[in-house]
Amino acid sequence: MSSLTRRGFLATGLATVVAPAAFWRSAKAEDGTIELTAKPFEKSIPGGGAPASTLWGYQDQVPGPLLRARQGETLRIRFRNELPEPSSIHWHGVRVDNSMDGVAGLTQAPVPPGDTFDYEVNLPDAGTFWYHAHTKSWDQVARGLYGPLIVEERAPTFTPEADILLMLDDWRLDAQGRFDAASLGNMMDWSHAGRLGNYLTVNGMTSPDISVPANTWLRLRLINACNSRILEIDPNRFSARVIAYDGQAIGEARELDYAPLLLGPAQRVDLLVRFDTPGPVALEELSQSSAYRFATLNVADNETRQDREPTLPPNLLPAPDLRNAQMFELLMEGGAMGQMSQLTYNGRAQTRMDFMANKQVWGFNGVANMADEPFFSVARGQSVIVNVVNRTSFPHAMHTHGHHFKLLERNGQAGDEQIWRDTFLIEPDGMAKIAFVADNPGKWLFHCHMLEHAAAGMTTWFEIT
Ligand code: C2O
Ligand code: CU
């Protein structure tokens, strides 16, 4: 991943001490409907007396409130838009009904300022998910419109003290420590590695201290909410093993035999770990030249010892029928240092003027951004294999809406049968083959989750009839 620019995260000495459950204000409402109001609010990102920025958030907080429900339940959300522009909410990784997917312009009209939209989010899978704005995502998510969504297993496996949520985001701050709104939409970012921040927060805080019990199996849920940054983490540094990717449990906990683990934009990983001695444990991000401690787990003494290792029941997803699958090919092109082939945009060949005006610099199969025609259209229940070829000089984080898939193959090497994902990383000049059962009818996006790349052309859709 050498093509990522590495701007050092600013180091600060500020630390916040929190109990994990305490700072997550869970959203609740009397009649079972949760209100999520998006609006501008003031917050200092570094904290500690640094100047406040105008951010956009749900319920005046970043991340937005923790949504927590049980597998099989339906979340009812009343979204209220008090932003100066239209918006909508997407439930990332949740196999929702298509009309609730939140994609402005494809599954719903964007919600105008002053208006509301009622989402009914059915939750077939337990696991770690998140929600975020899906109207001008590159701008609205960067400003703070995102939050965590946890779906509990039917039988709870971890106690609340042992269930630790870590939602990471990199912010681009100016020299005063303010959110750098002026640099949103920067052409350099759109044509290169996307908008990379220079300041990393966890749950909206600077390197928080989180108290956890000793002798207890902990579940660490990591969510990458960065617009474009691939986070690098080495679970072996603190003896953690992987139990889920992108919300989907993998069965046996796994020790990684490589490092670091790359956590692309929108990806999640759940880790299992138990600390037997009290004291601090540093969690570090490794994409910079020196490791950045993004959080500290403060292991506190605990008499009772939990010996039996918990396991998560995997969700039931349909296995693709590879022999009868339909195959599709997606060629990713464009960007800086890539081959700039002629792109079609809005149904016609893009001119140099369009290029300057619309910043469309990436394409899928020669088409920049949404077209009237889907990438493919299949009947419900059809198994699909998509062969993705990355002919660009950048890594990408490809996301399928409404479906998790198996990675069959990456650069000629067989993938892992056990793993379901909703977002996969593809390296420069790499290839990846994914497969899934197209079982959820509707119109679904397939895009790069580096939000600048998505806006600059790397967005298409498929249809299930
Ligand atoms: Cu996380 Cu199209 O989105
Ligand atoms: Cu990309």
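Is arginine 305 buried, partly exposed or exposed? I get 43% relative accessibility, so arginine 305 counts as partly exposed. My cut-offs: buried is under 20% relative accessible area, exposed is over 50%, and partly exposed is in between (1.4 Å probe, protein chains only).

Ground rules before going on. This is a predicted model, where local features need pLDDT of at least 70 and side-chain atom pairs count only at pLDDT 80 or more, while totals for chains, interfaces and linings use all residues. Residues are numbered from 1 along each chain as its sequence is written, chains are lettered from A and ligands numbered from 1 in the order in which they are written, and side-chain values use heavy atoms, with hydrogens and water left out.

Next, the partner: arginine 305 makes a salt bridge with aspartate 307, with 2.8 Å between the closest N and O atoms. By salt bridge I mean a side-chain nitrogen of Lys or Arg within 4 Å of a carboxyl oxygen of Asp or Glu. Searching the whole structure, I find 27 of them.

Then arginine 143: its side chain meets that of aspartate 139 in a salt bridge, 2.6 Å from N to O. Both arginine 143 and aspartate 139 are buried.

I also looked up aspartate 422, which bridges to arginine 268 at 2.8 Å, N to O. Aspartate 422 sits in the loop between strand 30 (420-421) and strand 31 (423-426) and arginine 268 in strand 18 (residues 268-273), so the pair ties together parts 154 residues apart in sequence. (Strands are DSSP runs of E, at least two residues, numbered from the N terminus.) Aspartate 422 has 0% relative accessibility, so it counts as buried; arginine 268, also at 0%, counts as buried too.

Last entry: a salt-bridge network links Arg68, Arg70, Glu152, Glu153, Asp163, Arg219, Arg221 and Asp270.

Terms used
Helices (H or I, at least four residues) and strands (E, at least two) are DSSP runs, numbered from the N terminus.
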